[in-house]
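This briefing sets out selected features of the structure shown below, grouped by topic.

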Amino acid sequence: MKCLKRPPLVNGKRPMKVREPDEDHVTSIMDSMLKQPTGDHLPFVGLVDPAQAGRKEDMSLTKLRVGDYDIFVLGGGHSREARELLARMNPDNEEYQYNVCYVYVGLTIDEARQVTHKHNLGAGYHRDLSFIEKLWCWRQVFESRGCVKSQEVKLACLKEAGIPNAAKKLNAQDPLLQCAFKPQEIWELMCKIMSMWQKGEVKGQKLKLVARSFLKADLDLEPSESEGAKKNQRGKRLDRAAAKEQEMALLYPRVQLQGNKVPMVAEDMPAQHWIAMGSMAPENAVPILLEVIAKQISLKEMDKKFQLVKQIAYVCKAFAVGVGVADFKDAEKKYPLHTKKEILEKFVGGIRGGQTSIPALDGHIKRAIEWKNKERRLQAKNAIHAFRTKPLVEPFVEWTEVTHDNDSAEVKIIDGDMRSLSKLQTEKVSISLTIFDFPYGFAHEGHASNNEPFPELDVVEDMLPSIRSAFQEVCNAGQELLTWCKPNVTNPGGPRLVSATELCVLGYYSESGQREMAHYNFDPTDMRHNFQLFNAVTQKYQHPGGGVLCPYQKPYTLYSWLVNKFFPAGAYILDGFSGSSTGAIACVKANRNCLVVEINTKCA
């Protein structure tokens, strides 16, 4: 009928991608029609153009019968072809001479399409879409809904593909739906690969016969050596070739034999290779897809590469968590030698289901942290020596700006007794942190530094209670005792000490007298508690005039931790009993101002 038309184009495309006739589908419909020739085979479902009639009451049966309405045909091609083939094979059966067309009015094209799916399901002639057809169908729905990955869009995709009970099957179909919801860059490459697959051009692709012949193959003919027998065989082959052509023309009119052989077509594309891609980022997926397009790898090899990329991503994430950084990009910056791809790939083989860690990777992370600690100590050492080589303006009797690299702070040095600070520093300065490294011999009159052995036990038993008592009078917000562990310390004339410790008292002051949130808290929530690990200084500063500058020099890392932990940038620190001025160096490197007090002119 001339009134039967395809639906109009929407943005240059059909509302739904029309599936090309498929031999398997036509054959399945023919088998069903043979079993029930008088059945309601429903080859066509039509929709009256909504512009001509929007309701059933607006329809005229007379105009419909004479073809005055435009009827949009939705589907039916496979059923029509099956019926025509059966009519040729069974000319005496009148049931195959007619086509049935159900015409609907007042529906949208989408609603009519859903009715078409229900008709096909009801008649038993519906064939599931191939994987490629599903992806194209779902992609059109996805793009028409603004590329939004919502439950409503997913349900619409399943209904569009004619999948019954879509709501119940949503979770099972979700991995397949995600394949159609890829970013545009990946989707375009997928379309190229799917087009290659349909042409049989993908590496390692298996093909199948487009149609099955019921005739005996030439290879089944018995071989013969006589000339007459050979001529007879050639005649049989020619007769069989003619018979095969007739068979194809009758049963499969679209099939064109190639050299008397049935052509090969692509099997359905396996979905699991695409599901393996998951939510992989384009920068990881695109290079692999390009290898498939270039016919360098097969889909199975593509699947393995996807799995490898995800496993490497798991290893990278585990490494970042192990070294305590926010993400792998930060890990690459801090650990450039340990985050190379060729190194991390070696740990992929250690991934086992159910395991929370990879033992070999844990060892790699431990070595990386040790390397970083060594690097930090080396940088601190270099920074201190580089800073000390800078010429300073003596005697720093006023606040003087000191710069090093990109760091800057003001420093003032007072050459005098710390007990007379109120007389030496008359200008009021808001001090946020004070650091006192009491020298051995501080309690002995006339001693600027300790030149005689002074048992550390005396400090713990005699001085520590006095210091804590004095802190209680000033630090009204409480005190904490910090244990500083200093491994790798060489004991002169004695064994090598691996766990030597010193004690530090931390006192807090606030106007309210209460511990504030800004104060450092050594609660159990702090994984380090009140224990800190900093290597002791084994190579002390040397005085230009000879000898060690200060025998009790503390590590830069210890002072840097105190400075950065306990007060903000731009504030003032008091470094009493400064000694080698490591505290002042840490302040400048942290952009904190420092007031230095030291009685020994050799140091100051």
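In this predicted model, R419 counts as exposed, at 57% relative accessibility. R419 forms a salt bridge with D417, and their closest N and O atoms lie 3.0 Å apart. D417 is itself partly exposed, its relative accessible area being 21%. This pair belongs to a topic that the points below take further, before turning to the protein as a whole.

**Salt bridges**

- The structure contains eleven salt bridges.
- One of them joins the side chains of K341 and E345, with an N to O distance of 4.0 Å.
- K341 is exposed, at 55% relative accessibility, whereas E345 is partly exposed, with a relative accessible area of 32%.
- The side chains of R55 and D58 also meet in a salt bridge, at 3.3 Å from N to O.
- D58 has a relative accessible area of 38% and is therefore partly exposed.
- Salt bridges link D405, D407 and K589 in a network.

**Secondary structure and contacts**

- The protein comprises 19 helices and 16 strands.
- Of the contacts between residues at least 6 apart in sequence, 67% join residues that are at least 24 apart.

**Burial and surface**

- The protein has 604 residues, of which 39% are buried.
- Its accessible surface amounts to about 35,100 Å².
- Carbon and sulfur atoms account for 52% of that accessible surface.

Notes. Residues are numbered from 1 along each chain as its sequence is written. This is a predicted model: local features need pLDDT of at least 70, side-chain atom pairs count only at pLDDT 80 or more; totals for chains, interfaces and linings use all residues. Side-chain values use heavy atoms; hydrogens and water are left out. Helices (H or I, at least four residues) and strands (E, at least two) are DSSP runs, numbered from the N terminus. Buried means under 20% relative accessible area, exposed over 50%, partly exposed in between (1.4 Å probe, protein chains only). Contact means heavy atoms within 4.5 Å. Accessible areas come from the Shrake-Rupley method with a 1.4 Å probe; for residues, only the protein chains shown count as cover.
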